[in-house]
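Subject: Structure for you to look at

Hello,

The structure we discussed is below. My notes on what was found in it follow, grouped by region.

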Amino acid sequence: MDLDYIIREIREDEYPILSDFLYEAIFIPDGMDKPPKSIIERSQLQVYIADFGRADDLCLVAETKDMIIGAVWARIMNDYGHVDDKTPSLAISLYKDHRHQGIGTALMNAMLGLLRVKGYSKVSLSVQKANYAVNMYKKAGFETIYENEDEYIMICKL
């Protein structure tokens, strides 16, 4: 199905939707139950969205005629993908019905372009090894700089 969508910067009144996309960004391996939505209240996840709108916070959304269907955001934070205090960490997610259609790749590429324009030299992320998005990150130019049993820490030089 071909979906008409646009990519644009998030508006301040839309910041609350980031909690939905934070929840959607949680990787659930096949056969596992989704955790309760309250999991996003944990401090290690709140770091991604708490007080969003600070000077270094950037967010782009994918929007269809009637709704936001995906978001990519970056901020300098001490999260799972943290590499240093000058490198923003990235989070991206789409509602399930809109995955595997190229929208995530388009969002990612738009964010990488925005980060370049803003003068960042690199961006980082962490991803579970079993997550199908690993391939999208590699195609976008991310390289693994660290790994443990479950996840990769990746950076993309801008």
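Before the notes, one definition is needed: a residue counts as buried under 20% relative accessible area, as exposed over 50%, and as partly exposed in between. Please also keep in mind that this is a predicted model.

Phe27 is a case where the definition matters. Phe27 belongs to the loop between α1 and α2. Its C-alpha atom is 9.9 Å from that of Ser93, and the two residues are 66 apart along the chain.

The largest pocket

Phe27 also turns up in the pocket search: together with Glu24, Ala25, Ile26 and Asn131, Phe27 is among the lining residues that lie nearest the centre of the largest pocket. The lining has 42 residues in total, and the volume of this pocket is about 1,300 Å³. By residue type, the lining splits into 23 nonpolar, 10 polar and 9 charged residues. At least two lining residues come from each of α1, α2, β4 (89-94), α3 (103-117), β5 (122-128) and α4 (133-139). The element that gives the most is β4, with 5 residues.

The nonpolar core

The largest nonpolar core is made of 29 residues. Within this core, Leu90, Met108, Met111, Tyr137 and Phe142 have the most contacts. The elements that each supply at least two of its residues are β2, β3 (68-75), β4, α3, β5, α4 and β7 (151-157). Helix α3 has the largest share, at 7 residues.

Met111, one of the residues with the most contacts inside the core, sits in helix α3. Its relative accessibility is 0%, so Met111 counts as buried.

Leu60 is a residue of strand β2. With a relative accessible area of 7%, Leu60 is buried. Leu60 and Asp150 are 90 residues apart in sequence, and their C-alpha atoms are 28 Å apart in space.

Aromatic rings

How many aromatic pairs does a search of the whole structure find? The search gives 3. One of them joins Tyr15 and Phe52, with 5.2 Å from centre to centre and 80° between the planes. Planes over 60 degrees apart count as edge-to-face, so this pair is edge-to-face. The pair connects distant parts of the chain, since its members are 37 residues apart. Tyr15 is in the loop between β1 (6-9) and α1 (18-24), and Phe52 is in the loop between α2 (43-46) and β2 (58-63).

Are the two partners buried or exposed? Tyr15 has 24% relative accessibility and so counts as partly exposed. Phe52, by contrast, is buried, with a relative accessible area of 11%.

A ring elsewhere has a charge over it: the charged end of Lys138 sits over the ring of Tyr152, at 5.9 Å from the ring centre.

Pro16 is exposed, with a relative accessible area of 57%. The C-alpha atoms of Pro16 and Ile49 are separated by 8.8 Å, while the residues are 33 apart along the chain.

Asp51 is not a glycine, yet its phi is positive, near 55°. Asp51 counts as exposed because its relative accessibility is 65%.

His100 likewise has a positive phi without being a glycine, in this case about 65°. This residue is in the loop between β4 and α3. With a relative accessible area of 66%, His100 is exposed.

Best wishes

Note on methods. Residues numbered from 1 in each chain as written. Predicted model: local features only at pLDDT ≥ 70, side-chain atom pairs only at ≥ 80, totals over all residues. Heavy atoms only, no water. Phe/Tyr/Trp six-rings, centres within 6.5 Å; stacked < 30°, edge-to-face > 60°. Helix = DSSP H or I, 4+ residues; strand = E, 2+ residues; numbered from the N terminus. Buried < 20%, exposed > 50% of the residue type's maximum accessible area, 1.4 Å probe, protein only. Lys NZ or Arg CZ within 6 Å of the ring centre and 35° of its normal. 1 Å grid on protein atoms, 1.4 Å probe; cavity = no way out; pocket = protein on both sides within 12 Å on 5 of 7 lines; lining within 4 Å. Points joined across faces, edges and corners; volume = space filled by probe spheres on them. Nonpolar A, V, L, I, M, F, W, Y, C, P; charged D, E, K, R; others polar. Core = buried A, V, L, I, M, F, W, Y, C linked by side-chain atoms within 4.5 Å.
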